[in-house]
Amino acid sequence: MSTTSHSFVTALADGPVVLDGGLSNQLESAGHDLSDELWSARLLAEQPEAITAAHQAYYEAGARVAITASYQATFEGFARRGIAREAAAGLLRRSVESAREAARRAMENGVPAPLYVAASAGPYGAMLADGSEYRGRYGLSVEELERFHRPRLEELAAAEPDVLALETVPDADEGRALVRAVRGLGVPAWLSYSIEGGRTRAGQPLEEAFALAAEAPEIVAVGVNCCVPEDADAAVETASRVTGKPVVVYPNSGEEWDAQARAWRGHATFTAERVTAWATGGARLIGGCCRVGPDSVAALAGLLTP
């Protein structure tokens with residue numbers, strides 16, 4: 001049973017497409033411990049069925065796109081666990097296969113096609129697991145970053161996802177490397193930055209960061225994720241204006257993590273009014289990340305699905 005009846009790019013032209021929410025939220029709510037350098041990627045090796053179940057929950061809540069558990073899945077990160085390169089390549093492919101299986105199960109349960117799979121590729125700093133994914137500026141050249149990203153992107157593309165999700169990118173230099181790294185893979189990609197205010201986490205203006213993807217045919221959507229909804233408001237307009245491409249936006253709930261208390265504080269600012277404004281401003285891929293679970297995705301689907 002095919003999970004897609006027409007291309008992902010065609011879907012973007014048809015109107016807003018609902019993304020899933022935070023994969024970690026769903027996994028943690030099911031009782032899985034993610035306090036590990038590999039984060040959810042560890043479960044690809046140890047409990048792949050948990051990954052499939054989490055994706056299925058989001059599809060059945062109304063998401064049309066599931067983002068795979070490969071955000072922190074890298075050859076280097078797996079090697080630190082003693083996982084050989086061939087086995088690591090298999091785990092990268094498994095991330096796509098797990099989401100595709102979840103889509104198949106959801107459709108058997110009555111969820112209508114098409115359902116899409118976005119293969120996640122997080123930034124270099126996610127592999128380091130030292131917080132630098134929120135700072136960028138790793139001391140590497142664009143060429144070095146391209147050489148880091150290309151091999152795993154090749155493996156993910158070989159698994160035939162509908163799109164590559166180049167996400168939570170903190171630095172325009174890494175964005176440039178990723179744009180180069182997806183050339184010739186035969187799979188469309190979106191490029192999504194992690195931001196603070198009107199700049200990347202590394203401090204570059206968003207106009208500069210978005211512009212480098214404007215003429216790249218492989219990049220079919222540009223935007224932001226893993227930021228507060230308030231920062232996403234202006235970023236959606238900027239991405240649309242600078243690139244002329246569909247915009248992707250999936251911020252967190254707006255709550256803040258209190259590391260000392262190990263608890264979330266504040267109030268959610270991920271609201272229906274914001275979602276409507278994003279869609280009006282050119283956003284065609286809309287979802288959430290941290291603290292945005294299936295209930296929020298269901299509400300989002302009810303708002304955006306005709």
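1. In what follows, Ala, Val, Leu, Ile, Met, Phe, Trp, Tyr, Cys and Pro count as nonpolar, Asp, Glu, Lys and Arg as charged, and the others, Gly among them, as polar. The model is a predicted one, in which local features need pLDDT of at least 70 and side-chain atom pairs count only at pLDDT 80 or more, while totals for chains, interfaces and linings use all residues. Residues are numbered from 1 along each chain as its sequence is written, and side-chain values use heavy atoms, with hydrogens and water left out.

2. Two or more lining residues come from each of α2 (23–29), β4 (163–169), β6 (195–196) and β10 (256–258), where helices (H or I, at least four residues) and strands (E, at least two) are DSSP runs numbered from the N terminus. The largest contribution is that of α2, with 4 residues, and by class the lining has 18 nonpolar, 14 polar and 15 charged residues.

3. The second largest pocket holds about 300 Å³ and is lined by 13 residues, with Gly15, Pro16, Val17, Arg64 and Pro306 nearest its centre. At least two lining residues come from each of α1 (8–14) and β1 (17–18), and the classes are 8 nonpolar, 3 polar and 2 charged.

4. An open sheet of 8 strands, with parallel pairing, runs in the order β1-β12-β9-β8-β5-β4-β3-β2, two strands being paired if DSSP finds at least two bridges between them. Because β1 and β2 (65–67) stand at the edges with a single partner strand each, one side of each is left without a neighbour in the sheet.

5. Strand β3 (residues 116–121) pairs in the parallel sense with β2 over 3 bridges, in which Ala66 is partnered by Val117 and Ile67 by Ala118. With β4, β3 pairs over 4 bridges, also parallel, and Ala119 has Leu164 as its bridge partner. Of the 6 residues of β3, 6 are buried, meaning under 20% relative accessible area (1.4 Å probe, protein chains only); Tyr116, Ala118 and Ser120 cover one face, and Val117, Ala119 and Ala121 the other.

Conventions:
1 Å grid on protein atoms, 1.4 Å probe; cavity = no way out; pocket = protein on both sides within 12 Å on 5 of 7 lines; lining within 4 Å. Points joined across faces, edges and corners; volume = space filled by probe spheres on them. Buried < 20%, exposed > 50% of the residue type's maximum accessible area, 1.4 Å probe, protein only.
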